[in-house]
Amino acid sequence: MTTDTLIKVSGLQKHFKGGQIKALDGINAEVRHGEVVVVIGPSGSGKSTFLRCLNLLEHPTGGTIEFEGVDITDPKTDINKHRQKMGMVFQLFNLFPHMTVMKNLTIAPMNLLHKSKAEAEEKAMALLKRVGLEDRANAYPSQLSGGQKQRIAIVRALCMDPDVMLFDEPTSALDPEMVGEVLEVMKQLAHEGMTMVVVTHEMGFAREVGSRVIFMDYGKIIEENTPEELFSHPRSERLQSFLAKVL
Ligand code: ADP
Ligand code: MG
């Protein structure tokens, strides 16, 4: 493990139904500081399970995950402390519907990081400005478009000052005309040096901002390479046929 390694996954397994379903079947991967690791693969290949294991929304059935040098799969580790350092953005926006945007953004920093209301609101406002939504602070989620909701969901994760951002198909549930504005925010984040793990079908995004692309199938990493190499010279038949369908 080099000093710039943020996450190191070794022999990660996640089995369901007593081992009948091997959602993850021996994953070895590293995420270094400032990298954008893009995860691609067919539906059911284990991409979401992989992300959910990284912050222990799913508990692995085997293997280890070191985050910032600490084995977070060790039962003695205080996972809540580490989980706060991993921002997660899901396919559906998961904003609290009965709270304003500002409340959505400040509740966790106040409750979990014990920030004062003023401090939490100041940070939230600064981040809202960065994504061009400062005028929506007092709106409720139902008053926002899908693209706006997803940008707010990203801001909400950023309000916790994460060391890594995990994205699970953040644009898949959006109307096509709103995909761009969300990808734009993600690109901006990447350019600012945020470490990111992104599950996506947006191959343009993978090519443009990915440091590395991981191709998964049947719970395994089949290929891993720079975007240029992976898209131009897929080695396995499985990746070739996957790319033929999505490109
Ligand atoms: P992807 O995100 O690549 O579409 P998933 O990680 O969601 O794939 O799923 C990987 C495999 O694990 C699939 O076969 C899926 O049906 C199975 N799986 C995921 N979550 C569960 C669960 N909670 N119980 C049983 N099987 C699951
Ligand atoms: Mg998924």
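Biologist: What makes residues of helix 3 count as buried?

Modeller: Buried means under 20% relative accessible area, exposed over 50%, and partly exposed in between, with a 1.4 Å probe and protein chains only. In this predicted model, V101, M102, N104, L105, T106 and P109 of helix 3 (residues 101-112) are buried. Their cover includes helix 4 (117-130) and helix 5. Helices here are DSSP runs of H or I with at least four residues, strands are runs of E with at least two, and both are numbered from the N terminus.

Biologist: Why is helix 3 called oblique to helix 4?

Modeller: Their axes cross at roughly 125 degrees and come within 9 Å. Angles under 35 degrees count as roughly parallel, over 145 as roughly antiparallel, 65 to 115 as roughly perpendicular and the rest as oblique. Helix 3 is therefore oblique to helix 4. The axes are lines fitted to C-alpha atoms, for helices over the stretch in contact, and angles run from 0 to 180 degrees between N-to-C directions.

Biologist: Which residues make that contact?

Modeller: V101, M102, L105, T106, P109 and M110 of helix 3 meet K117, A120, E121, A124, M125 and L128 of helix 4, contact being heavy atoms within 4.5 Å. They divide into nine nonpolar, one polar and two charged. Ala, Val, Leu, Ile, Met, Phe, Trp, Tyr, Cys and Pro count as nonpolar, Asp, Glu, Lys and Arg as charged, and the others, Gly among them, as polar.

Biologist: How do you know whether K17 and E68 are exposed or partly exposed?

Modeller: K17 has a relative accessible area of 61%, so K17 is exposed. E68, at 35%, is therefore partly exposed. K17 lies in the loop between strand 1 (5-16) and strand 2 (21-32), and E68 in the loop between strand 4 (62-67) and strand 5 (70-71).

Biologist: What conventions apply?

Modeller: Residues are numbered from 1 along each chain as its sequence is written, and chains are lettered from A and ligands numbered from 1 in the order in which they are written. Local features need pLDDT of at least 70, side-chain atom pairs count only at pLDDT 80 or more, totals for chains, interfaces and linings use all residues, and side-chain values use heavy atoms, leaving out hydrogens and water.
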